[in-house]
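Hello,

I am handing over the structure we talked about, and my notes on its sheets follow below. Please have a look at it alongside them.

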Amino acid sequence: MTMTTQILAAIGAQHRDGQPLTDLLCVDCAQSLGLAGVGMTLMNDAGHQAVIGTSGAVASRLEEIQFDLGEGPSLDASRSDRTVGSDDLGAGVLLRWPAFSSAALAAGICAVTAVPLSVGGVRLGSLSMYRSSPGRLDVQQQATAHAYRGAAVVVLLHLQDRIPSVDLTRDALHPDLGAPVAHRAEIHQATGFLSVKASVGMTEAMLLLRAHAFAADRSLLDVARDVLAGRLRIHPEESEDD
Amino acid sequence: MTSEQRLARVFVELADTLVDEFDTLDFLSTLTERSVELLNADAAGVILADARGVLHVVASTSDQAQLLELLELQNDEGPCLDCLQSARPVVNVGGGESQERWPRFSTALAEVGFASAHAIPLRLRDSVVGAMNLFCAADSQLSEDDVAMGQALADIATIGLLQERAVRQSGLIAEQLQTALDNRVLIEQAKGVLMASAEIDVDQAFRLMREYSRRNNYAVKDVARQVVSRTLSVEHLRRS
């Protein structure tokens, strides 16, 4: 049995109703590699779309914040379809992910390795492994991380393949994937809303939301809700001169 | 080159399915051509079952071989079909027995100039995905070694085929997942556009798109795409 098959067998045996396989995989990965947290995300070409599995609160927070900031190792791993990471998030002057790094350090995370989840060139997301002390994964750990990456792809395809065929025409997602995506629904609504109010495209509207959330030190979801409720008006800087 | 070296080279050729431009038909043509060379046959062909179990002639080294295989499928008799059913090689069936088991096939075989036909299953463990036919001008017998070599070639080809199918299937699921994700985002953005343009709430926004899509027989995702690109206005959604 390969390591990937062993992982799948182990999480399959623990699987009960109500606990997604994706969470079980993250917990299992964190335990076997002795990590502070593991998070699994779903992405498309537009970027980070949902946190579909975590080993706990720390990983959950660090994945959400990457979406809010629009930067971080999970995003870069999926975008580039390569393993990315940092052995010491606190070191160096020119940081690759300045905002993410300070959030990670504040949460007690000093190192991270993010691997892409993809199938034949189709990028599906990432699996990120967070560590509480600086240092790199050794060769054995890298092999294990690679096996978890394989298992994560199998879990994703398995979930998506289990949708009844009648639903396929409706672009269905498995509930374990669809629910985390729906969690972000208001952010996308607010993007559409703001694009009309500020007369900008969707990409720029999302950037405006992000910039406001970052400057106000608030979550993107809270800002989105305020925009939709009409409690908050965001204008592009250029239009203030008009 | 010794026969072992030739065999090893053929195995590598058949195992090399991890190429970018893998083509099932080319791959099976290679299998039939090499089998003809290594087993001293004169023609060969492959019959494959599709996902619904329907049989198709997918590769042949000659028109005669193709004709005979099509004939097997049409008349529902022949060594290839017996091989598919039993999942075992059907070889060295003599003229008399052949005439008795497959009368129409045997007559056609002689008509196109062959004296014997053999079939080897394409199988992996319990699943039989097809069979390879070998046709010989002489009334030849395959030795035990020949059958073993033919089966080995068929086995490695089957692994290649199933692997390619699995990869293709995974790719399709992955693309479908991406599309579902893209459309979810698009629909939410469209709701926001309508909320801001018409001062309506989120449920009303969705209802507006859904009812328009039903009346005009469009998919909601396509309506959403047009709303987001501003080619479909609130007024238009309400009117038509």
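**Notes on the two sheets**

In β5(A), A:Ser118 has A:Arg123 as its bridge partner. That strand, β5 (residues 122-131) of chain A, runs antiparallel to β4 (residues 111-119) of chain A, and nine bridges join the two. (Strands are DSSP runs of E, at least two residues, and helices are runs of H or I, at least four, numbered from the N terminus; two strands pair if DSSP finds at least two bridges between them.)

A word on the basis: this is a predicted model, where local features need pLDDT of at least 70, side-chain atom pairs count only at pLDDT 80 or more, and totals for chains, interfaces and linings use all residues. Residues are numbered from 1 along each chain as its sequence is written, chains are lettered from A and ligands numbered from 1 in the order in which they are written, and side-chain values use heavy atoms, leaving out hydrogens and water.

The open sheet in chain A has five strands, ordered β2-β1-β5-β4-β3, with antiparallel pairing. At its edges are β2 (47-54) and β3 (84-86) of chain A; each has a single partner strand, so one side of each is left without a neighbour in the sheet.

Chain B has an open sheet of four strands, in the antiparallel order β2-β1-β4-β3. Its edge strands are β2 (55-60) and β3 (116-124) of chain B. Helix α4 (residues 79-86) of chain B lies across β1 (43-49), β2, β3 and β4 of chain B, at about 150 degrees to β4(B); contact means heavy atoms within 4.5 Å.

Best wishes

How values were computed. Axes fitted to C-alpha atoms, helices over the stretch in contact; angles between N-to-C directions.
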